[in-house]
Each structure stands twice: as structure tokens, then as C-alpha cells.
Amino acid sequence: MKIGLIGFGKVSQNLINLIKSQDITFITSTEKRSQSTIESIKKSGIEVVDTFKEVALASDILISANSPKNAVDVAKEYGKYAKGIYLDLNNVSPDTTFKINEHVDNLVDGAVIGKIDSKNPILYLSGPKAHELEFLNEFIDIKIVSDRIGDAAILKLLRSTYTKTLSAILIESSEIAKKHDLEEDFFEILALSEGKDFKEKSESRINNTLNSKTRKSEELVEIINYFDDDELVMVKAALKKLSQ
């Protein structure tokens with residue numbers, strides 16, 4: 001079996017590390033990739049072909065893991081060549097997922113829950129073909145949500161409304177504490193109720209947010225656009241904070 005990768009960020013790299021089998025070969029391309037991405041692909045040791053069209057044609061499972069703004073364009077360009085399952089792992093809204101579905105025959109809507117480069121993430125899946133990926137349980141925890149396209153995307157957005165808003169609050173609070181030379185005490189008092197490893201987890205969350213604030217801002221925009229009938233006061237505030 002061949003699993004094709006369009007996009008070679010942390011999600012794709014971690015899947016390569018987790019899914020190890022003599023019966024599975026990963027394949028990708030360096031077409032239009034940055035030099036740093038090309039180096040990462042070389043280090044991974046996976047099969048490389050000239051174009052992503054070739055990747056799509058050769059794959060039994062084609063995984064799209066890019067930035068939210070590129071998800072539909074990738075589906076338009078390469079979805080028509082995918083004969084097997086097209087697994088979309090981009091952090092996009094259900095509306096965007098439905099647009100992707102217009103260009104793909106066998107879409108499975110996916111969401112990586114947990115730190116994307118952790119050893120034990122959970123892969124939430126929805127769609128008529130989702131059960132065909134249950135064999136991946138041998139390597140990574142799989143949760144089939146439903147046979148409806150869009151359900152995994154909704155759960156993904158709902159989780160993001162919480163985590164990204166919380167990250168913005170942590171950034172703001174810790175910045176104020178630092179100005180008053182009380183940063184250590186700030187995390188210490190929170191750890192009394194949140195757990196002794198709270199500081200370590202919070203600092204990891206803050207650094208991750210700051211290092212990928214553009215992508216996280218795109219994800220917040222997806223949330224606001226999809227749930228536009230709701231107030232989403234805190235989500236909008238988080239977006240404003242990340243934009244500063």
C-alpha cells in the first residue's frame with residue numbers, strides 16, 4: 001500500500017514516524033517546495049517522485065495536510081487524480097470541507113486531536129469511507145465519528161475555539177505577569193488548581209502559538225466564518241490578540 005503526502009509539515013512527518021509497516025510505503029514530491037522542506041523530505045527517507053500529480057496517481061491513500069488557505073486549491077488540483085481515499089487533515093471549517101468534497105471522489109474528513117507531533121495523537125474521521133481506514137488503529141488511535149462528511153471538521157473547529165482562545169489568554173496574562181516580575185508566581189498559583197505540570201504545558205502552548213500564529217489566525221478566521229450566527233466574542237478577541 002502507498003500513502004501519498006501533499007504537504008510535509010509536522011503532521012506528515014509524525015505520521016511517517018507512527019505508521020511503520022513493511023506493507024506501507026510513503027510517497028511525496030519536492031515540487032515547488034522550500035529548501036528546508038526538501039531537506040526534511042530527504043532526511044525522512046520516503047519515496048520521492050517528480051510531481052504531486054504522480055503522488056496522487058500512485059497513492060492508495062492520499063493525505064492533504066497543508067495550511068487551511070491551500071486546502072481547496074490542493075483538492076482542485078490533485079483530487080481528480082486520486083483513485084483511492086483522499087484524507088483531508090487540514091484545519092478547515094465544514095464549509096471548506098464540503099467544497100473539497102466537490103473535487104474528490106472518496107473524501108474522508110479527518111482531524112488530528114492532540115499535539116500534532118506527539119507519540120499518541122488521536123485521528124478523528126468522518127465520511128462514508130472512514131471505516132476503510134480503521135486498519136490504521138494498529139499504529140495510531142482512530143475514532144470514527146460518523147459517516148457524514150463535515151462532522152470531524154465541526155469537532156475540530158469546536159476544539160479550536162477553546163484551545164486557541166485559551167492560548168491567547170495565557171499569552172496576555174503571562175505578559176502582564178512578566179511586566180510585574182511575577183511570572184513564576186503566576187504559574188505557581190495556577191498550578192495549585194490546574195496541576196503541577198501546568199507551567200510546562202502552558203509554556204509549550206504559548207511557544208507553539210507564537211511560532212505558528214499565522215496558521216492559527218487562519219484557523220480562527222475559519223471558525224468565525226462558519227459560526228457567523230453566533231457571537232464568538234472570545235474567538236474574535238483571540239484573533240485580534242494574535243494579529244497584534
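**Helices, strands and burial**

Tutor: Let us begin with two helices: the axes of helix α6 (residues 151–179) and helix α7 (residues 183–194) come within 7 Å and cross at roughly 135°. The model is a predicted one, in which local features need pLDDT of at least 70, side-chain atom pairs count only at pLDDT 80 or more, and totals for chains, interfaces and linings use all residues. Residues are numbered from 1 along each chain as its sequence is written, and side-chain values use heavy atoms, with hydrogens and water left out.

Student: What makes α6 and α7 oblique to each other?

Tutor: Axes are lines fitted to C-alpha atoms, for helices over the stretch in contact, and angles run from 0 to 180 degrees between N-to-C directions. Angles under 35 degrees count as roughly parallel, over 145 as roughly antiparallel, 65 to 115 as roughly perpendicular and the rest as oblique. The axes cross at roughly 135°, and α6 and α7 are therefore oblique to each other.

Student: What counts as a helix or a strand here?

Tutor: Both are DSSP runs, numbered from the N terminus: helices are H or I with at least four residues, and strands are E with at least two.

Student: Which residues of α6 and α7 meet?

Tutor: Contact means heavy atoms within 4.5 Å. From α6, the residues S173, S174, A177 and K178 meet E183, F186 and F187 of α7. The residues of this contact divide into three nonpolar, two polar and two charged. In these classes, Ala, Val, Leu, Ile, Met, Phe, Trp, Tyr, Cys and Pro count as nonpolar, Asp, Glu, Lys and Arg as charged, and the others, Gly among them, as polar.

Student: How is the contact of α7 with helix α8 built?

Tutor: The axes of α7 and helix α8 (residues 198–211) come within 8 Å and cross at roughly 115°. E184, F187, L190, A191 and E194 of α7 make the contact with F198, K199, S202 and I206 of α8. By class, there are five nonpolar, one polar and three charged residues in the contact of α7 with α8.

Student: Why are the buried residues of α4 said to lie on the same side of the helix?

Tutor: In helix α4 (residues 71–78), the buried residues are A71, V72, V74, A75 and Y78. They cover an arc of only 160° around the axis, which puts them on the same side of α4. The arc is that of the directions from the helix axis to the C-beta atoms. These buried residues pack against β1 (2–6), α3 (52–58), β4 (61–64), β5 (85–88) and α5 (94–101).

Student: How do you know that T96 is buried?

Tutor: Buried means under 20% relative accessible area, exposed over 50%, and partly exposed in between, with a 1.4 Å probe and protein chains only. T96 has a relative accessible area of 10%, and so T96 is buried. This residue is found in helix α5. Not counting residues up to four places away in sequence, T96 touches V72 and E222.

Student: Why is K32 called exposed?

Tutor: K32 counts as exposed because its relative accessibility is 71%. K32 is found in the loop between β2 (25–29) and α2 (35–44). Its phi is near 60°, a positive value in a residue other than glycine.

Student: What makes D181 exposed?

Tutor: D181 has a relative accessible area of 68%, and is therefore exposed. Its place is in the loop between α6 and α7. Phi of D181 is near 55°, a positive value in a residue other than glycine.

Student: Why are β3 and β8 said to stand at the edges of the sheet?

Tutor: Two strands pair if DSSP finds at least two bridges between them. Eight strands form an open sheet in the order β3-β2-β1-β4-β5-β6-β7-β8, with mixed pairing. β3 (47–49) and β8 (141–146) each have a single partner strand, so one side of each is left without a neighbour in the sheet.

Student: How do you know that β5 and strand β6 pair?

Tutor: Three bridges join β5 to strand β6 (residues 107–113), and the two run parallel. The bridge partner of Y86 in β6 is L107, and D88 stands opposite D109 in β6.

Student: What makes β6 mostly covered?

Tutor: Seven of its seven residues are buried. L107, D109, A111 and I113 lie on one side of β6, and V108, G110 and V112 on the other.
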